[in-house]
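Keep the structure open as you read.

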Amino acid sequence: MIKLKGKSVLGGIVSGKIVFYSRAESVVEKRKIDNPDIELQRYEYAKSCALSQLKELYNTAVGDVGKNDAGIFLIQQMLINDIDFNKAVRELIMQEHYNADYAVAKTARDFSQVFSEMDSDYIKERSADLKDVCDRLIRHIQNKSESGFNVCDKAIICADDLVPSETVRLDKSKVAAFCTCYGSSNSHTAILARTMNIPAIIGIGNGLLESYNGCEAVVDGYSGILYIEPDSRTRGELEKKRVDEAEKKELLKCLKGKRNITLDGTEVKLFANIGGLSDIDSVIENDAGGIGLFRSEFLYLENDDFPDEEYQFYNYRRVLEQMDGKRVIIRTMDIGADKNISYFGLEKEQNPALGLRSIRLCLERPEMFKTQLRALLRASAYGRLSIMLPMITDAEEIRRTKALIEETKRQLDSRNQSYSNDIELGVMIETPAAAIMSDRLAQEADFFSIGTNDLEQYTLAMDRHNLRLESYGPDHHTALLRLMKITCDNAHRYGRWVGICGEFGGDMSFTEVFLAIGIDEISAAPSLILPLRDKIRKLDISGREEILRKYGCED
Ligand code: PEP
Ligand code: MG
């Protein structure tokens with residue numbers, strides 16, 4: 001038996017088979033070859049294999065997503081057959097005597113450069129297809145299998161780390177747990193694991209080896225331990241722990257339908273964070289009062305091209321309908337930083353977390369933003385929608401978004417499409433600037449929701465993905481809490497309400513101070529709703545001043 005310790009992201013004990021995810025990045029050497037004819041044959045053979053794979057992918061995709069979306073595989077076939085592309089590869093092999101994989105990689109780079117300099121967004125976006133197709137060709141030349149993996153039932157997905165676009169594409173019904181060598185508790189993979197209620201351990205380190213692929217294992221998400229081929233005694237102990245925890249969870253079910261109210265009568269709303277439609281069952285099952293954060297960018301991450309208005313409208317509308325009149329806060333897409341998507345063709349930035357992300361990107365691409373706004377407005381006719389803007393640093397960003405919303409409404413009027421006239425517009429407090437300027441923002445926004453994951457990283461200058469920066473000193477929390485208090489005080493002064501939707505909101509060792517500073521709503525992973533309700537119902541915050549002093553954020 002091998003025992004590996006990491007950091008727990010979400011409790012739960014599950015057994016399954018390790019499936020190691022490796023991102024098979026091809027390494028391409030630059031070599032001079034002796035026999036260009038044979039090298040050219042290797043290229044032609046790789047091309048025919050890649051073409052037949054792409055045809056198969058197209059046929060499967062037509063059945064799954066329809067002709068339109070499957071078209072990407074037709075475009076990729078055209079790129080492989082492109083005369084100029086083939087001429088360039090052939091010349092590098094036949095005239096300059098380079099190895100075939102290098103010839104493909106170099107041609108891909110040269111063509112990408114040309115694409116990126118074109119004016120047309122459409123051509124720019126083809127860079128990603130070219131990269132995909134060339135990676136496929138290179139894999140065939142090098143005789144390597146496709147990156148990624150086949151997920152068996154009850155898979156314990158192990159990886160060095162996963163990026164959000166990889167996590168969202170996994171077949172969740174087959175994933176028993178996630179274990180990663182690196183990662184941090186505020187990373188989006190950790191957040192997704194919590195939202196999907198999948199036990200997860202991060203930061204296991206280098207001891208998590210690819211050679212464990214296929215081994216039977218048990219994940220103890222409570223203590224953050226991965227047991228590889230556990231002995232029968234350990235299995236027995238873990239099974240007992242699993243049953244005990246399940247009983248505790250069962251007991252919490254009696255809190256369904258009860259109020260989130262402290263012993264001294266302070267009431268707070270408990271909402272759920274979701275990544276998409278598939279999380280709604282768990283929101284309802286756990287009796288959340290609403291959706292406090294729907295991360296709409298997952299609709300973009302799950303797809304290979306921009307989700308169109310109809311697709312977005314369908315998803316927002318279904319969430320609103322299923323929540324049956326309860327408040328649903330949909331955050332406009334927050335792409336950028338770690339949530340990067342190749343088809344956006346974002347320029348490489350030195351500090352993407354400080355770059356053109358979220359609202360900045362939306363305001364720079366108003367047509368794309370208006371597509372989302374139209375879908376949101378149309379969906380608003382089917383429930384109680386609030387729209388929330390991420391990464392706000394300036395009231396002007398809210399005003400510019402309002403102008404786009406008005407423009408969008410006029411478009412819908414001309415199409416005779418209905419929308420609600422009672423949509424609250426809120427902003428996320430994720431930057432120190434937003435907290436400090438919250439008095440001004442409160443005059444433009446209907447509510448705030450504090451995104452502590454980003455607020456923490458920008459306040460403490462600590463990358464939220466860096467596991468080595470996770471052990472906080474006490475002043476770190478105080479800094480964050482003081483900004484949260486400034487935000488609450490300013491919001492209340494202007495009659496606005498304030499929620500928390502970052503992961504900090506689920507940390508029950510701080511619930512008392514959240515309530516003492518005046519937080520009105522906490523939004524957390526669905527599985528945390530009942531434990532939070534339990535916690536709140538046992539608290540007494542009548543000694544508010546004393547609590548604030550204890551945490552260093554007295555008035
Ligand atoms: C946050 O920053 O706290 C937040 C909720 O947004 P995200 O985690 O998606 O960046
Ligand atoms: Mg954020």
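The structure holds 13 aromatic pairs. A pair means rings of Phe, Tyr or Trp (its six-membered ring) with centres within 6.5 Å. Y300, F306, Y343 and F344 form one aromatic cluster.

This is a predicted model: local features need pLDDT of at least 70, side-chain atom pairs count only at pLDDT 80 or more, and totals for chains, interfaces and linings use all residues. Residues are numbered from 1 along each chain as its sequence is written, and side-chain values use heavy atoms, without hydrogens and water.

Now go to helix α3 (residues 83-94) and helix α4 (residues 100-116). Their axes come within 9 Å and cross at roughly 135 degrees. Axes are lines fitted to C-alpha atoms over the stretch in contact, with angles from 0 to 180 degrees between N-to-C directions. Helices are DSSP runs (H or I, at least four residues), numbered from the N terminus. α3 and α4 are therefore oblique to each other; that term covers angles left over once those under 35, over 145 and 65 to 115 degrees are set aside. In contact (heavy atoms within 4.5 Å), α3 contributes residues including F85, V89 and L92, and α4 residues including V104 and F111.

Next, find helix α11 (residues 309-323) and helix α13 (residues 366-379). Here the axes come within 8 Å and cross at roughly 35 degrees. Among the contact residues are F313 of α11 and R378 of α13. R378 lies over the face of F313, at 4.1 Å from the ring centre. Such a charge has NZ of Lys or CZ of Arg within 6 Å of the ring centre and within 35 degrees of the ring normal. Likewise, the charged end of K32 sits over the ring of Y98, 4.3 Å from its centre.

Key
Chains lettered and ligands numbered in written order. Helix = DSSP H or I, 4+ residues; strand = E, 2+ residues; numbered from the N terminus. Phe/Tyr/Trp six-rings, centres within 6.5 Å; stacked < 30°, edge-to-face > 60°.
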